[in-house]
Amino acid sequence: MSAPRAEVAVRETAALGEGPTWDPATGRLVWVDVLNSRVHTHSPADGRRGVLLTGQHVGAAKPRAGGGLVVNLRDGVGLHDPDGTFRWLVHAPAPGRRGNDAAVAPDGSLWVGTMRYDEADGGGALTRVAPDGTTTTVLPRVTVSNGTDWSPDGRLVYYVDSPTRRVDVLRVDGGRLVDRRPLATVEPGAGFPDGLTVDAEGCVWVALWDGAAVRRYTPDGRLDRIVPLPVQRPTACAFGGPHLRDLYVTTARTGLTDPHPLSGSLLVLPDAGQGRKAHAFAG
């Protein structure tokens, strides 16, 4: 299969674009600029855009089942209601730490990652947040918690702690994750795995920070596609559009002395594959 060519969905200068998520209820793509504390929305049908200022660094924003957004912030997890009202669901500030990538599980819970600003080894975690705000640590001692998604049957979780250079796979056993093993390892010089998504065939698409590409791995760990990108730091990817055929890719320009003009923009790979409907947070 020929690789799709990247197009510009939203031209932007985000410092650290992250976490694209398709919201089927509104027909919009939701993504964040972590370091500028902004949640962006983009409607491909009419080109309309929106920006929500969060007041502190925001690692992820996901749709809620009843409307509005759940956000993984520096100081915890918050809820934005459809009328714009904000309230904390989990308020747990920790000096030197912030929220990073997050994902909604098939059961409607939110799995949030944290990391230290200095990226200290083991300074973060992956935590399950129930709709009522109850928290359970899923993976302790994580360094840079990034991509998380489930297999189509919900029996496996794919996960990235970026400095390991691995995409790991774990088996879901009740409320626990067991049998962690590498699905794939990104070789030195090819970048670091960042955000990921699982398509309808169970294949894992992962953005490569400092790798200028998105890769697709089959469920048995075979690399079967590399899509080159014009920007050095793609951060995450997700399928969207009315038929979930277009792969949206967020990008970053932070830390680059001479960033590509499209660094920080939202890119799209039209008709890249077949995605799955994202789960909404049940809280």
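Predicted model: local features only at pLDDT ≥ 70, side-chain atom pairs only at ≥ 80, totals over all residues.
Biologist: Which residues of β24 are buried on one side and on the other?

Modeller: Residues are numbered from 1 along each chain as its sequence is written, and side-chain values use heavy atoms, without hydrogens and water. Buried means under 20% relative accessible area with a 1.4 Å probe, protein chains only. Both faces of β24 are covered, by buried Leu266 and Val268 on one side and buried Leu267 and Leu269 on the other.

Biologist: In what order do the four strands of the open sheet lie?

Modeller: Strands here are DSSP runs (E, at least two residues), numbered from the N terminus, and two of them pair if DSSP finds at least two bridges between them. β1 and β24 are joined by three bridges, and three bridges also join β23 to β24. The pairing is antiparallel, and the order is β1-β24-β23-β22.

Biologist: Which strands are the edge strands?

Modeller: An edge strand of this sheet pairs on one side only. That describes β1 (7-10) and β22 (234-240).

Biologist: Which residue of β24 is the bridge partner of Tyr248?

Modeller: β23 covers residues 246-251 and runs antiparallel to β24. The bridge partner of Tyr248 in β24 is Val268.

Conventions:
Buried < 20%, exposed > 50% of the residue type's maximum accessible area, 1.4 Å probe, protein only.
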